[in-house]
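Open the model in your viewer and keep the selection tool at hand. The tour goes stop by stop, each with something to select and something to look for.

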Amino acid sequence: MSVDMNIREPKGERGYISIADHGLFLNEKGVATVTDFLPRQNSSNTSRPLLSWLIRHVEAVRGEIPIRVECAPAFNYARSKHTMEILPDLSIPGPESDPPHNKAFFSSSEAELKLDLRYVLETSLAGVAEPHVELKPLDLTKKGHKGLSVYTELVLLEGQAVTFILRTPPDHVYPDAATRPSVARANELGVPYEKLVIGASSLRAPDDPLLSKRLVHELLETTNLYWNSWIRRSTYEGSWKEAVNRSALALKLLIYEPTGAVVASPTFSLPEYIGGTRNWDYRASWIRDSSFTLYALIRLGFTYEANAYMDFIFQRIKDRNPDGSLSIMYTIHGEKIFPEEELTHLDGHQGSKPVRIGNGAIDHVQLDIYGELMDCIYLGQKYGKPLGYDTWVSVRELVDYVLTVYNEPDLYVDFVTIVHLGGAREEEAFHVLEGLRLADKRSLPCPRRLEWLQARDDLYEQIMTKAWNADKGFFGQSYEDTHVLDSSLMIMPLVFFSTSADPRFLGTLKQILKTPERGGLTSNGLVYRYDVTKSDDGVGGEEGTFCLCTLWCIEALARAGEYDKPSLVKAIAMFEDFLQYTNHVGLCTEEISEAGDGLGNAVQGFTHVTLISAAYNLSRMQKKFKL
C-alpha cells in the first residue's frame, strides 16, 4: 500500500514515535505527516483482542497536499488470482446524509485469504470539512498482478486527515442493529446517537469493532503506551542508549510470542550484492543466534522474553533428529521443514535474481550451533529459571552426540563449504566446556566427564596446531586453507576460547583490520566475512561487508583494549562510525555496500543483537578506564 504525495521535489524526514513509523513530507505548498503502526496493547487488556491491522494515517499540517493512495495486494507471492470489489462499509458509524462510505474487498480462494481496505475521515479545524475519498479500480494486470487493485486521489487541506486500515476481515454476520448506526435511526429509537453507537459496538465481535476516528486515536495511544512501557523496563545505563533501545525494540518485534521463537529477519531474498544471486530467506529461528540473542535480552533486563526463548530452545532439544542432532534452524512454530523455492516470475530487488522463499540450508550440518546452544543454556541457568533433570539429560545427550561427530566435515558462517573449519571447531570445544561448566555449577550428573574433558583438550590442540598459520601469524579459515582469513574468528575472545591478549588472536585481529588491498578484510571501518575470491562457498557472486562481523571485530578490539588502550579507542571510533550506517530510523541490515547502502535482509536480528553486546561491553570498558 503506497502513499504518493504527488508534489514536485518533496523533502522528507522520518522517525519513530515509540514504534510507530512517523514521516514528515514538505515543500513550499504544504506539509503532511504519514504515521504507520500495527496496533498493540498490554496483554492484560481484556477489553479488546490484538487487532491484526496495518494502519496508515495521513494528515495535512499546513497548506494543501495532493495525495494518491494505491493498494495492490499480490496473494501467495503474486502466484494466485484474486478478485476485488468496492462495497459499502457497514463498520463505519455515520448519518445517511454522508456520501457513500465504501471499502475495497480482496479475495483469493486459491490462497485462502481475504483482505479489506477501509478508511476513516476527520478534520481538526472548525470550518474545514472532512475530506472526500472515492475508491476506484486500478488495473495492474499488465505488470503481472493477478487481479484488480484499488486507488484514490484527493487533496488534503490543513487540518484534514484520512486513516487507511488494511486487515484480514473476520467472518462475522451481524443483525441490522450492529451495522452502521445513524442519527436517523437514533431519533427513531429515541436515544442519543452516541449511545446508539456504543450499543451497536457491543453487538459486534471484539475483533471487529465499529471503525471510528476515536478508535483510531485510541489504538495509536495504547500502542505508544505499550512500547514506551516495555522499553522502560530496560536496565541498560551505558553509552549509545538510543541505538541500544532501538535495537531492543527491533528484537522484541522479531519475537513470535506464541512460541517464544526469535526470527532472524522478517524479510526474504533481499540481495547481499545488487544484481547478485545471494538472496536468502531468513524468516526462521536459527539455533546459531541463540546465545547472542539470550545474552542481549538478559543484559537489558528482559527476562520474560529470555525465558520464553529458552522454553522454545528446550522444546527443540527434546525433539531432536533421529541421529541425535538438531536442525540449524526452525520455523517460528518449531517445525523442521522449510522448503526452498525460486520464484522465477519475480524480478527481485533491483533485478537481483533469483527470488527465494524457504531455506534449503535447514538440513545442513553446522556443528558450531551446539557451542552457541550450550552458551545459551548456560546463560539461561545463570540468569533465568533453572532446567530440570529431564532437560539436563537431553542436553547431556547433545554433548555426547558432538563427541561422535566433531571430526566430520562442517558448514559454518552461512554455508561456507570447507572440510575442517577452525571457527566451528572453537565452538565445539566451547560447547564441551560449557557442558562441563553447567554440570559443575548445578552439581548435575555427568557420567562421561572424562571423555568430555579429553574431547575439549583434543579440539583445542587441533585448532592451535592445524588452524594456525605460523608463517603469516594468524588463524586461517580452515585446517586446509590456513592462508584464508575469516572474520568469524573474532568470536574467539567473546566465547572465552582465547583471551583477548593472546598473541595468536591479536595477530589474527591485526591482519583482519588491514584493507583488502593489504591482505585484510576491513574497508572504511567495515569488515568482510572473508574474501569470496579465495573461499569457495559453493554459491558464487559477491557480497558486502558484514555488519555482524564488523561488530564482533569492534567487541574483540574493546576486549583487547583492557590491555592496550589504543585498541579501545579504535573500537569506540569504529562503533560510532558503524552507527552512521544504520538507516533513517536506526535499523540495521545484514550487510553494507562499498557505497554505504544497506544490503541483505532487513531488519537483521543478529546484527541488532551483536550491536547490543558491543555497546554493553564498550560501555563497560569506557567506565573502567574513564574514557
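Which residue forms a salt bridge with Asp457? Select Arg456: the closest N and O atoms of Arg456 and Asp457 are 3.1 Å apart. Keep in mind throughout that this is a predicted model. Asp457 is partly exposed, at 40% relative accessibility, and Arg456 is partly exposed too, with a relative accessible area of 25%. Side chains of opposite charge can pair when their charged atoms come close.

**Stop 1: the two domains**

Colour residues 2-231 as domain 1 and residues 233-625 as domain 2. Their centres, taken over C-alpha atoms, are separated by 41 Å. Where the domains meet, 15 residues of domain 1 are in contact with 21 residues of domain 2.

**Stop 2**

A search of the whole structure finds 31 salt bridges. Select Arg167 and Asp208, whose side chains meet in one of them, at 2.7 Å from N to O. This pair links distant parts of the chain, 41 residues apart: Arg167 belongs to strand β11 (residues 160-167), while Asp208 sits in the loop between α3 (193-202) and α4 (213-231). Both Arg167 and Asp208 are buried.

Next, select Glu397 and Arg320, another salt bridge, in which the closest N and O atoms are 2.4 Å apart. Is Glu397 buried or partly exposed? With a relative accessible area of 37%, Glu397 is partly exposed.

**Stop 3: a charged network**

Go back to the pair Asp457 and Arg456, joined by a salt bridge. Elsewhere, salt bridges that share partners join Arg40, Arg233, Lys252, Glu257 and Glu305 into one network. Select Glu305, which is found in helix α7. Glu305 is buried, with a relative accessible area of 4%. Leaving aside neighbours within four places in sequence, the contacts of Glu305 are Trp230, Arg233, Lys252, Ile255 and Leu297.

**Stop 4**

In soluble globular proteins, nonpolar side chains tend to be buried together. The largest nonpolar core here has 119 residues, and Ile377, Phe575, Phe578 and Leu618 touch the most other members. Helix α13 (residues 547-560) supplies the largest share of this core, ten residues. Domain 1 and domain 2 each contribute at least three residues to this core. Apart from it lies another core, of 24 residues, including Cys71, Phe106, Leu117 and Leu154.

**Stop 5: helix α14**

Select residues 565-579, helix α14, which has 15 residues. From its first C-alpha to its last, α14 reaches 22 Å, close to the expected 21 Å. Which residues of α14 are buried? They are Ser567, Leu568, Ala571, Ile572, Met574, Phe575, Phe578 and Leu579. These residues lie on the same side of α14, because they cover an arc of only 165° around the axis. An α-helix has 3.6 residues a turn, so residues three or four places apart point the same way.

The buried residues of α14 pack against α5 (241-253), β23 (526-527), α13, β25 (589-592) and α15 (605-625). Now select Phe578 alone. Beyond neighbours within four places in sequence, its contacts include Leu526, Cys547, Ile554, Ile592 and Leu611.

**Stop 6: the loop with His101**

His101 lies in the loop between β6 (83-88) and β7 (102-108). His101 is buried, with a relative accessible area of 10%. Draw a distance to Asp89: twelve residues away in sequence, but 5.8 Å from His101 in space, C-alpha to C-alpha.

**Stop 7: backbone exceptions**

Most residues other than glycine have a negative phi, and most peptide bonds are trans. The peptide bond from Lys353 to Pro354 is cis, and so is the bond joining Ala602 and Val603. Pro354 is found in the loop between β16 (341-342) and β17 (356-357). Gln350 is found in the loop between β16 and β17; although not a glycine, Gln350 has a positive phi of about 50°. Gln350 is exposed, with a relative accessible area of 57%.

Note on methods: Residues numbered from 1 in each chain as written. Predicted model: local features only at pLDDT ≥ 70, side-chain atom pairs only at ≥ 80, totals over all residues. Heavy atoms only, no water. Core = buried A, V, L, I, M, F, W, Y, C linked by side-chain atoms within 4.5 Å. Buried < 20%, exposed > 50% of the residue type's maximum accessible area, 1.4 Å probe, protein only. Helix = DSSP H or I, 4+ residues; strand = E, 2+ residues; numbered from the N terminus. Domains from an automatic or database assignment. Contact = heavy atoms within 4.5 Å. Expected span 1.5 Å × (residues − 1). Arc of directions from axis to C-beta. Salt bridge = Lys/Arg side-chain N within 4 Å of Asp/Glu carboxyl O.
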